[in-house]
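I opened this entry to note what I looked up, one item after another, and to keep the wording careful.

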Amino acid sequence: MNLLEISNLKTHFFTEAGVVKAVDDVSFNVEKGCTLGLVGESGSGKSVTAQSVLRIVPKPGRIVDGKILFDGEDLVQKKDGEMQRYRGKRISLIFQDPTSSLNPLFTIGNQLSDIVIQHDKVKKDAAIETVIKTLKLTRLPDPEEAIRRYPHQFSGGMKQRICIARALLLNPQLLFADEPTTSLDVTIQAQIISLLKDLQKDIGMTLVMITHDMGVVAEMCKCVVVLYAGHVMEIGPIETIFEAPHPYTAALLKAVPRLDQTRKLISIPGNIPNLITPPTGCRFHPRCEYAVALCKEKKPPLEDVGGDHFISCHRWRELRRGA
Amino acid sequence: MGFVKYIIRRGIYMIPLIIGISIVSFLVMYAAGDPIQIATAGNPGITEAQRDFLRHYYGLDTPIPAQYVRWLTHFLQGDFGQSLYGGRPVNEIISFYLFETLKLQLISIFLAFFISIPAGIYSALKQRSAADYTISGISIAGVSLPVFWFGIVLIIVLSYHMGLLPSAGAYGSPKLWPVFGISDPTLDALAHLVMPVTVLTLASLAYNVRLLRAGMLEVLRQDYVMAARASGISERKVLYKYSLKNAITPLITLLGLSIGASLAGAPLTETVFSWPGLGRAYVNAVSKLDFPLIMGTTMIVAIMILVANIITDLSYAWIDPRIHID
Ligand SMILES: Nc1ncnc2c1ncn2[C@@H]1O[C@H](COP(=O)(O)OP(=O)(O)OP(=O)(O)O)[C@@H](O)[C@H]1O
Ligand code: SF4
Ligand SMILES: [Mg+2]
């Protein structure tokens, strides 16, 4: 059963320079209780997709079209007040950078208990209890002491544990983890990934793992959605994706992870397209080594190639044979 | 660290500053001229011997360092001496004007501060909307209207033509003020405040609003604001708790500066509304070279500015746990 069904989602940013089509006709489903990997280069629309589901797309962006069915209800149609009750309670989001996503001026206890109070209308004491309990779940040392502290008094890894706890406070059904480890040290990254994996297993929560890192995808996800320049390139079970991928996915897999100071970046030859005037036809064609004339003219449909595998490429048949 | 220790230390640092300020103003004052000459200039019958007597009486005939030491000794005991005009104790004069100035200024400063909070948040939120432009327009009009002109227009319209509000002073009902026949002293004092407060508030509102608007625009882009929204925190709380505190520091700085400077009064506003304030009294004292009153006022203003500074610095540490005072 699908917990989330996104169909034909379009989220655009109406900037002075033009309309940035950050998410442009994206559709995919997330099966209940499973971990889905949402991958793609920087700027492909992964975060905006998550923001759209929570309906927190910042200005000047907004959802232009599409449906987001969560547990059978279309979130796009919800009123603001109704939507607010979903956020943090039924759907949560972990941000990429724990340092910037915690408010520096309030104690951990204050920030986290507010969320519990907001949703469950409980007293402060009860809320604090929930906070401590959830912090324990994320294996943060000494949670009773931690709630009295401010974010700057913790290390990056500890802060990310706090952010994970913040997302889990109210046992959400769906959790988006938006590159939760990119801003952390390599050793800490592994700890956070294994924590998320354990939590997902223990709680049986549905997890959408947004990442650059194919290694993380291989380790955690059952199913993968590959985004490029606001379009879905490929959807499929992990094994199939690694075996017979779309040219863009293949490039992603081939690209060597490059250790930047803080972020792990992948590099594929060529540049990420401008989303104000994106390439015609297949958005990947300017960088695709298999591109033919048709690719420039016509957008390839997302075709069902069997075995829950979907590909958006004019040449998938030939390429699969060739592989 | 300890707030108390910090305050004590800052207090100690103030001492040399205050003494330095007092020496400089003493010297400048003496360079400016002979107060007895000025005081007696309008009196052709006065002899040089009589002037010498006056100089001796006010202690102006001893060497400047000696005069300074005498002034300092009294100052340290909290005594600013007597005015050269009428001989009233400077302490008494200052405390009267000080109260009136503070009343007028603090009301205006805090009014501007509190109005600017919703106005600044709203215009940041609705950036480039009609409401944003309206708020900017009103506040820019407020800052660019000359106080002199605006004050006089208010007086002409509200006092002279409509007889609604008293046009001058802080108390008492002059002729233009009989409409409601108000005799209650509190109401009377409030009625006198309306126009000068309006002028002063509008004059500083623009800076407040623009500072907060700029701060909020910056803060609203931060991840922690999106994270608060993503957690389902109500919009009101996102703005007034999780954004305002992060955006308010520049406004607090302005508040501290304005409170510190407020004692010097706003001589122009005080003049237009014949307000019995320290600003006007100060200008008056300087023009007459009323040495004890000049020194007294200068010292009070300086101390107030320094104290406001310390309080402002303390409030930064109180707002932001990352700032350590030491
Ligand atoms: N607030 C905004 N204003 C204008 N454009 C935006 C805004 N937020 C995102 N975009 C645009 O939307 C596109 C997709 O951005 P998004 O953040 O979803 O990428 P991403 O896949 O999450 O990349 P990354 O891996 O770098 O996080 C980008 O081209 C970006 O420029
Ligand atoms: S459609 Fe053409 S350009 Fe796009 S991925 Fe397939 S081969 Fe490459
Ligand atoms: Mg992102």
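**Domains of chain A**

I began with the domain assignment of chain A, which gives domain 1 (2-90 + 172-322) and domain 2 (100-171), and I keep in mind that this is a predicted model. The C-alpha centres of these two domains of chain A lie 29 Å apart.

I then looked up where they touch, and found 19 residues of domain 1 of chain A in contact with 15 residues of domain 2 of chain A. The area buried between the two is about 1,500 Å², of which carbon and sulfur atoms give 63%. On the domain 1 side, Lys89(A), Pro172(A) and Leu195(A) lose the most area to domain 2, together 34% of what that side buries.

For charged pairs, I noted a count of two salt bridges between these domains, and the side chains of Asp120(A) and Lys89(A) meet in a salt bridge at 2.9 Å, N to O. The elements that give two or more residues to the domain 1 side are helix H2 (80-86) and helix H8 (186-203) of chain A, with the largest share, eight residues, coming from H8(A).

**Chain B against chain A**

I turned next to the two chains, where 21 residues of chain B are in contact with 27 residues of chain A and the buried area is about 2,200 Å². Three salt bridges are found across this interface, and I looked up the one in which the side chains of Asp114(A) and Lys237(B) meet at 3.0 Å, N to O. H9(B) gives the most to the side of chain B that touches chain A, with six residues, and by class that side has nine nonpolar, four polar and eight charged residues.

Notes:
Residues numbered from 1 in each chain as written. Chains lettered and ligands numbered in written order. Predicted model: local features only at pLDDT ≥ 70, side-chain atom pairs only at ≥ 80, totals over all residues. Heavy atoms only, no water. Contact = heavy atoms within 4.5 Å. Buried area = accessible area lost by both parts, 1.4 Å probe. Salt bridge = Lys/Arg side-chain N within 4 Å of Asp/Glu carboxyl O. Helix = DSSP H or I, 4+ residues; strand = E, 2+ residues; numbered from the N terminus. Nonpolar A, V, L, I, M, F, W, Y, C, P; charged D, E, K, R; others polar. Domains from an automatic or database assignment.
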